[in-house]
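Subject: The structure I promised you

Hi there,

Here is the structure we talked about, ready for you to open and turn around on your screen. Have a look at it first, and then read on for my notes.

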Amino acid sequence: MDAAAIHARLRERFGEAIEGVDLEAKDPFVVVRAEAIAEVCRYLRDDPDLRFDCLSNLTGVDLKAENLLQVVYHLYSYPHRHSIVLKVTTPRENPRVPTVERVWKAANWLEREAYDLLGIVFEGHSDLRRILMPEDWVGHPLRKDFVEPEEYHGISTRRESLLRS
Amino acid sequence: MGLAGYEIEIERDRGSGLETEEMTLNMGPQHPSTHGVLRFVVKADGELMREAIPDVGYLHRSIEKIAEKVGYHGFMPYTDRVDYVAAMFCNQGWAMVCEKLAGIEVPKRGEYCRVIACELNRIASHLLSVGTMVLDIGATTPFFHAFREREKINDLLEELCGARLTYNYMRIGGVAWDLPPGFAERTLDFLDNFEPALEEFNDLITENKIYVERLADVAPVPPELAIQYNLVGPNLRASGVKFDLRRDEPYSVYPELEFDVPVGTGEAGTLGDCYDRYIVRIREMRESCKIVRQCLRQIPDGPVLAKVPRKFKPPKGDAYVRVESARGDMGWYCISDGTEFPYRTHIRTGSFSAMSIINEISRGIMIADLVAVIASLDIVAPEVDR
């Protein structure tokens with residue numbers, strides 16, 4: 001099934017929660033309202049014509065100019081060999097998106113990574129801890145306004161350029 | 001090893017007042033069988049594992065953040081560091097996502113060069129995987145056999161691009177250099193010697209009864225669970241899912257090449273156990289040999305690199321590509337804001353999802369089998385952390 005057909009299906013079922021679609025993009029995507037993402041994903045996984053049984057990728061993006069954080073979901077279906085991209089946005093100050101961990105177990109770690117690096121809070125996640133950065137790290141490094149600290153536990157994060165000497 | 005008997009014994013102990021306490025053990029971060037720097041917090045009941053919680057991030061080098069600072073061309077050498085055991089695929093993933101963003105077509109000869117380099121790299125990576133796996137299990141000699149062959153591939157790839165591990169061979173739009181003179185003959189020479197050497201390796205260890213019994217029935221992954229956790233590549237195929245991006249979502253020149261997709265069948269015990277994950281890799285090496293031979297026969301003449309501007313500014317938009325790396329489907333996501341620097345890059349790797357499944361599949365197995373599970377999933381720690 002192509003993106004236009006999938007969008008029509010979602011639109012029919014979820015109405016206003018499906019906010020838009022871009023069929024011209026390199027990978028066509030559907031924009032979903034953040035509160036509805038878990039239900040939309042569950043439907044995409046369970047409907048016999050769609051059967052998106054694989055969460056191929058989940059990424060957070062900082063859209064600083066729009067004061068938003070975005071989560072991008074790349075779904076793939078092994079039985080039907082088709083794919084779709086979903087995007088949700090959430091305010092930068094209080095970023096909250098429902099977890100899809102109970103739809104695909106792969107989401108557990110991917111959401112932890114998005115939380116760690118961008119500070120997106122996935123509501124209902126069973127174990128939302130930092131995964132790549134140290135537990136006591138302050139801030140979320142992939143945010144566009146993140147300023148690298150001068151030091152971490154007395155270890156300097158600066159180094160003289162070898163080219164300058 | 002079956003554990004049904006042990007469980008009954010533990011139950012009996014509970015009644016007799018000889019209760020055992022759960023023990024929390026630390027494995028790593030520096031441990032010879034963790035294939036990089038990573039740590040497990042193991043909760044054990046005697047020899048049985050209740051939990052094996054992975055703690056990753058020791059090798060986080062913020063490669064995704066570096067991409068935002070160095071630009072599209074400049075990021076190519078950094079991609080080598082994502083997975084230094086199979087760096088060609090990382091090169092290819094990055095090149096392909098940039099080409100998709102900008103709509104660049106790679107010349108045919110360039111694509112063939114890529115496939116030759118990648119398949120040689122796949123053999124080298126699988127050799128490291130099976131070699132260190134037998135070493136983790138406790139057999140020393142086969143490891144040297146595997147590494148002897150891997151060194152020869154390193155020599156070939158060094159001829160091709162000047163480096164033995166961090167290749168930086170590919171460019172956006174093709175590859176940096178054409179095959180050097182005599183490369184085809186030397187590669188065929190290698191393959192002629194490698195195929196019998198692989199048989200020798202199989203005689204030595206693959207059919208060894210002790211080795212097989214050590215792996216059979218350990219930590220089986222049913223196909224539905226594998227997909228739930230997004231296991232990819234050989235790990236997914238070992239669970240019986242016949243899916244290979246090269247065949248099912250074809251890219252590059254793979255549609256012009258003939259090869260089989262080996263899957264696990266549970267031949268030594270249960271479907272998707274450690275032995276299946278091992279044997280799938282052995283069989284994939286043979287398929288890669290087939291592919292390299294076909295490529296060397298079919299490679300057309302022509303340029304290897306498309307004309308791509310130095311100041312590479314792809315149009316606004318985002319793209320996601322998937323490459324069948326040695327550790328399976330590797331996803332590269334990139335957003336362009338129309339400037340010289342990628343706005344956001346994300347790399348979803350095979351080891352990342354393989355690591356996340358360990359806790360679930362290692363409940364109830366012996367502590368000694370944890371190293372077999374890690375090795376059979378072919379985890380490369382830097383690829384988890386990026």
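Before the notes, one definition: helices (at least four residues) and strands (at least two) are DSSP runs, numbered from the N terminus. Please also keep in mind that this is a predicted model.

**Chain A as a whole**

With that definition, you can read chain A from the N terminus on as α-β-β-α-β-β-β-β-α-β-β-β. That gives 3 helices and 9 strands in chain A. The C-alpha trace of chain A spans about 60 × 35 × 30 Å along its principal axes. Of its 165 residues, 53% count as buried. Look also at the contacts in chain A with a separation of 6 or more: 48% of them are between residues 24 or more positions apart.

**Two helices that meet in chain A**

Now find helix H1 (residues 3-14) and helix H2 (residues 37-46) of chain A, which pack with their axes 12 Å apart. How are H1(A) and H2(A) oriented to each other? The angle between them is about 125°, and H1(A) and H2(A) are therefore oblique to each other. Their crossing is right-handed. On the H1(A) side, the residues that take part are A:Ile6, A:Arg9, A:Leu10, A:Arg13 and A:Phe14, and they meet A:Glu39, A:Val40, A:Tyr43 and A:Leu44 in H2(A). Sorted by class, this contact has 6 nonpolar and 3 charged residues, and no polar ones.

**A sheet in chain B**

Over in chain B, 3 strands form an open sheet in the order S6-S7-S8, with antiparallel pairing. S6 and strand S8 (342-348) are the edge strands of this sheet, as each pairs on one side only. From one strand to the next, the twist averages 15°. As a reminder from class, strands of a sheet pair through backbone hydrogen bonds.

Let's take the two pairings in turn. Strands S6 (residues 317-325) and S7 (residues 328-336) of chain B are joined by 9 bridges. S6(B) and S7(B) form a hairpin, with 2 residues between them. To see one of the pairs, look for B:Tyr320, whose bridge partner in S7(B) is B:Tyr333.

Is S6(B) enclosed or open? Of its 9 residues, 8 are buried, so S6(B) is largely enclosed by the rest of the structure.

B:Glu119 lies in helix H5 (residues 108-137) of chain B. Buried means under 20% relative accessible area, so B:Glu119, at 0% relative accessibility, counts as buried. Leaving out residues up to four places away in sequence, B:Glu119 touches B:Arg246, B:Tyr254, B:Ser288, B:Ile291 and B:Val292.

B:Gly138 sits in the loop between H5 and helix H6 (141-161) of chain B. Exposed means over 50%, so B:Gly138, at 57% relative accessibility, counts as exposed. In sequence, B:Gly138 and B:Ile374 are 236 residues apart, while in space they are 14 Å apart, C-alpha to C-alpha.

Enjoy exploring, and write back with any questions!

Best wishes

Conventions
Residues numbered from 1 in each chain as written. Chains lettered and ligands numbered in written order. Predicted model: local features only at pLDDT ≥ 70, side-chain atom pairs only at ≥ 80, totals over all residues. Heavy atoms only, no water. Axes fitted to C-alpha atoms, helices over the stretch in contact; angles between N-to-C directions. Parallel < 35°, antiparallel > 145°, perpendicular 65-115°, else oblique. Left-handed = near helix turned anticlockwise from the far one by under 90°. Contact = heavy atoms within 4.5 Å. Nonpolar A, V, L, I, M, F, W, Y, C, P; charged D, E, K, R; others polar. Buried < 20%, exposed > 50% of the residue type's maximum accessible area, 1.4 Å probe, protein only. Pairing = 2+ DSSP bridges.
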